[in-house]
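This report goes through a few parts of a two-chain model. Please look at the sequence and the structure first.

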Amino acid sequence: MKQFFFFIRKEFYHLLRDPRTMIILFGMPLMQILIFGFALTNEVKNSRIAILDNAKDAATQSIIQQLEASRYFDIIQVLSGNSELEPAFQEGKIKLAVVFPAGFQQSLGHENAAPIQIIADATDPNVANTLTNYASSIIYDYQASIMDHAALPMTIKTEMRMLYNPQLKGSYNFVPGVMAMVLMLVCAMMTSISIVREKELGTMEIILVSPIVPIRVIIAKMVPYFLLSAVNIGSILMLSVFVLDVPIQGNLVLLVGECLLFTVTVLALGLLISSLADSQQVAMLISLMGLFLPTIMLSGFMFPVENMPIPLQVISNIVPAKWFYYIVKNVMIKGLTFSYIWKETLILVGMTIFFMVVSIRKFKIRLE
Amino acid sequence: MSEDAAISVRDLTKRFGSFTAVNAISFEVKRGEIFGFLGANGAGKTTAMRMLCGLSFPTSGKATVAGYDLFREPEQIKKSIGYMSQKFSLYEDLTVRENIRFYGGIYGLNDKSIKSKTDEMVQALHLESQVDKLVKALPLGWKQKLSFSVAMLHEPRIVFLDEPTGGVDPVTRREFWTMIYEAAHRGTTVFVTTHYMDEAEYCDRVSIMVDGRIDALGTPSELKTQFVAPSMEQVFIQLARKAKRSDN
């Protein structure tokens, strides 16, 4: 057992003396959370729009005022004719234009119907959709406000409630994703590199000739990364709660427990990679292509899995991060209890055992 | 197989698919002997040595190392041998003291004996001023000598040295061999591979491998008489010319 602690101490020396490793270990989570939190946001705010008001009456004025007042829009241009619309979009100055026809208020008052045209730049379809929705709902609000005086005989009112994330914050979605990514990088990539490095240096041979039991070598390699990952999990959670205002709705112990389980899963994956790779470059490449990319693409964090073609949906099931992402989202954001996520937890446990067994067997075969 | 042999090998074979890297070799190494294990690149000497150290599993044959059976008692063998590989094998980002402590630790030495061993070793190698410096700051010659001392840390009965003096200057090579002699004097059996034929002359006995077989075995002077050659170099060249396979 003492051999084991000598080994762990040595691993810590390696870690603490390599500034690059330390930057990856602790700088990366911080950077990713901050970048995703403040820079890479898909929320739509202060979009630049133009108004073409051919009516210039009280009704259009009041709609324009409400558009201006909303935090989604910024009116930067007031157009004077249809011919100016096309150039404004072509120059890329505006994302959306609202066009009022002449005699807007009159039509509204006498014919009980008045058209408004909303034109959006749909090069980014999601943004265009969001913006037109915002604009329509502002117009709908106006309509509702004047309808108080003259109620229609029958109307259907839709009432919307955004559950779990009423402010529609992007950070609710990406914090679980970033957590999966960081653990993937720290655990899988760093462990595999640290084992392969010993193969490259030739120190692995010396260790294998010594009486230390191979399984202890493996565990000793994993322990430091496990501890550092625990620190990372803590810092990511703190950053998301205190800096990004993402609350932890569910049980903290359950959440941390699930995070630690996933850490062991990816440590086992790192081990598997190290038994396949013979150089640090190969280990890094396999980690990035084989783990990191699928984590981003198929975990549901960037792109919803339900919208993917069936084959990709099937493949996504073997990506451990998909299950972890699901678990964290449900515990952290929705505040669900263990009874809702036990199946996913079981899948992660199964994967962990599978990776462990395969990699330990592989590790042993190599030395015989 | 005689009882007092440090290493005893009978018909040891290693095949990788259809390629026979080591082809039924047999030899014995006596206790306290310096045994030179020679051969051209690709002759199979590293594979043979790796089998004896437990790094590679033999396809067939029999062998005992330090009196333990290679197949049935690998754990006992591991405790009784030291190994120094071709590659430099200390951690560059650890200090001299930390390296000694780590290797002492995995061989199960206690803190007290690690401490006294460290002092002893540092004194013998004149590394007093370097002991708390990172190993990467040491010149190659020192590193090799330190590697050897670390391989001897747990006082193994047999030490395997795989081309220990590759890339080292002649003076350090000389000093290195002095250390080997001292180890042999203290009763350690030394099993060494080398490409330097002057080093072959320092060995008590030598074997020369060609194409996976041992083609010559004896003291340097016996071999020179047998092959009517003025030096070990000539003996080696005569044998190595017959080789049909090479590294590439």
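## An exposed residue

Asp111(B) lies in helix α4 (residues 111-125) of chain B; helices (H or I, at least four residues) and strands (E, at least two) are DSSP runs, numbered from the N terminus. Asp111(B) counts as exposed because it has 11 C-beta neighbours inside 10 Å. The scale is this: a residue is buried if 20 or more other C-beta atoms lie within 10 Å of its own, exposed if 12 or fewer, and partly exposed in between, with C-beta atoms placed from the backbone. From C-alpha to C-alpha, Asp111(B) is 26 Å from Ser85(B), and the two are 26 residues apart in sequence.

The model is predicted: local features need pLDDT of at least 70 and side-chain atom pairs count only at pLDDT 80 or more, while totals for chains, interfaces and linings use all residues. Residues are numbered from 1 along each chain as its sequence is written, and chains are lettered from A and ligands numbered from 1 in the order in which they are written.

## The nonpolar cores

A nonpolar core is a set of buried Ala, Val, Leu, Ile, Met, Phe, Trp, Tyr and Cys residues joined through C-beta atoms within 7 Å. The largest one has 132 residues, and Met184(A) and Phe160(B) touch the most other members. Helix α7 (residues 171-201) of chain A gives the most to this core, with 19 residues. A second, separate core has 17 residues, including Ile63(A) and Val98(A).

Two residues are in contact if their C-beta atoms, placed from the backbone, lie within 7 Å. Apart from neighbours within four places in sequence, Phe160(B) is in contact with Met49(B), Leu52(B), Cys53(B), Ile81(B), Tyr83(B) and Phe191(B).

## Two helices of chain A

The axes of α7(A) and helix α13 (residues 320-333) of chain A come within 9 Å and cross at roughly 135°. Axes are lines fitted to C-alpha atoms, for helices over the stretch in contact, and angles run from 0 to 180 degrees between N-to-C directions. Among the residues that make this contact are Met184(A) of α7(A) and Phe324(A) of α13(A).

## Where the chains meet

In the contact between the chains, 22 residues of chain B meet 22 residues of chain A. On the side of chain B that touches chain A, α2 (74-80) and α3 (96-106) of chain B are the elements that give two or more residues. The most come from α3(B), with five residues.
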